[in-house]
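Open the model in your viewer and keep the selection panel at hand. The stops below run from the whole chain to single side chains.

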Amino acid sequence: RINIMNISVFLFEFKHFIRSKAKLFSYIFFMLLCGFSIYNGYEIMHKQINTIAEIKDKQELEFIQITEWLENKKGPEDKPWVNVEDPYWSIRYTPSYVVKNPSALFPLGIGQSEHFGFYKKVTRWSSTYDSDMVEEISNYERLINGNIDFSFLIIFLLPILLIILTYNINGLEKDLKFNKLISIQNNKINHWIFNRLLFYLLLLLLSVDILILGVGLFNDEFYSTQSLFKLVLISNLYIISFSIVFYFINKNARSSSSVAFKMISIWLLFCVIIPGSVHQYVSFIYPVNYMTDFLDVNRKQTYEVFKLDNIDLYDVLMEIHPELVQTKKAQEKTLDNQLIRRSISTIINQMNIDAANEIEIQNEDKNNLIKFSYFFNPVSYVQNLWSSCTATDYYSYRKFRLEIEESVLARNRLIVLELWRNNKVDKLTYQKYLGVLNNL
């Protein structure tokens, strides 16, 4: 009897859903937005993939060009002074790129990817906070400007859709004064409310799951099965959590207008007020002014390094690279001034790393403060968790910055060691260089 009643309630609610233009159009419009956001995510992802492919092709051509120079034992025709057999020039002309390949689940959450670079051309002077690299600042409650993000739709707008679909359950009956008739026909009124709400819950869960799993299937294979099903789990628990809260509001409804007011208040509190307040508080505790230290390194302190005497620069170099002591050039009695000056970039790089580490520490403190708010700020937690599955969160970009830092460090270390060893470059040596410069 209970199963028959459940089916009858579902059929009743289905007919009501189809006949209600507001509910039906809201659902269709939301699904169209979701489809468009996924399509938009694919467009951005393919642009990034194509750009990365172009970079690799261009890089390969430059490798071939340098190899030809080594065969002919001369550099560019317009720069006759460039000796490619000199490690300084061969390494300097060798292009290195660090790229952040988009996740297979990128269309499900573009997050902050549009605001941060996904590739970096590395030179010996590069750093993780150059002008083409923007620092990651936590903004979990960010409202998307421009491109529509699927994760934003699910986390911030889907609860509004759920409100539209369920606000008049048990409230409309009380508005029209036939709630007692319903209670006579259904002895278990709470069960009747639950089944009506369950219809919309299953509708949304099924719709969202199909979209998420469809992205995984469209990528030919479930590339990241764990992350894919983690997204399904996150979205399902998120929708169910709001549904549970709304069930109790419907259960104790006095009118449909009071239900709508309470539901909207819940949404405003958890999706706007709390995340926004946390963000403002964190911004007050950790103002965005710490880039000053890094800029000082790139300006004032860099100039001071160039003003140092060669003997002072030598001491700093030996401190950064103690292995240089055993090299051929270090054993000579007279300092090679040109060699010292060619090695300055490794000193500047170390200063940049120290300054960047200070910024990363402050970023981590800021993120830890936000994590502390998760127990009363669950929406921010969900968005952060979602972004981690699509590799568009803070730690994904931090990993990208660390890869850049390692690449710059490897380039400077290689050029310094080869110069101080007084090595000469040939095709075989150059292949080893490529292994070091592009194996990160």
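Helices (H or I, at least four residues) and strands (E, at least two) are DSSP runs, numbered from the N terminus. By that rule the protein chain has 16 helices and 2 strands. This is a predicted model, in which local features need pLDDT of at least 70 and side-chain atom pairs count only at pLDDT 80 or more, while totals for chains, interfaces and linings use all residues. Residues are numbered from 1 along each chain as its sequence is written, and side-chain values use heavy atoms, with hydrogens and water left out.

**Whole chain.** Colour by burial, where buried means under 20% relative accessible area, exposed over 50%, and partly exposed in between (1.4 Å probe, protein chains only). Of the 440 residues, 50% count as buried.

**Helix 4.** Select residues 150-166. The expected span of a helix is 1.5 Å times one less than its number of residues. Of the 17 residues, 14 are buried, so helix 4 is largely enclosed by the rest of the structure.

**Salt bridges.** A salt bridge is a side-chain nitrogen of Lys or Arg within 4 Å of a carboxyl oxygen of Asp or Glu. The structure holds 11 of them.

Select glutamate 85 and lysine 424: their closest N and O atoms are 3.9 Å apart. The pair links distant parts of the chain, 339 residues apart, with glutamate 85 in the loop between helix 2 (21-72) and helix 3 (87-93) and lysine 424 in the loop between helix 15 (394-420) and helix 16 (427-437). Glutamate 85 is buried at 14% relative accessible area, whereas lysine 424 is exposed at 58%.

Move to lysine 329 and aspartate 336, which form a salt bridge at 3.4 Å, N to O. Is lysine 329 buried or exposed? Lysine 329 is buried, with a relative accessible area of 17%; aspartate 336 is partly exposed at 27%.

Finish at arginine 398 and glutamate 360, whose closest N and O atoms are 4.0 Å apart in another salt bridge. Arginine 398 is in helix 15 and glutamate 360 in helix 13 (residues 344-372). Glutamate 360 is buried at 9%, while arginine 398 is partly exposed at 26%.
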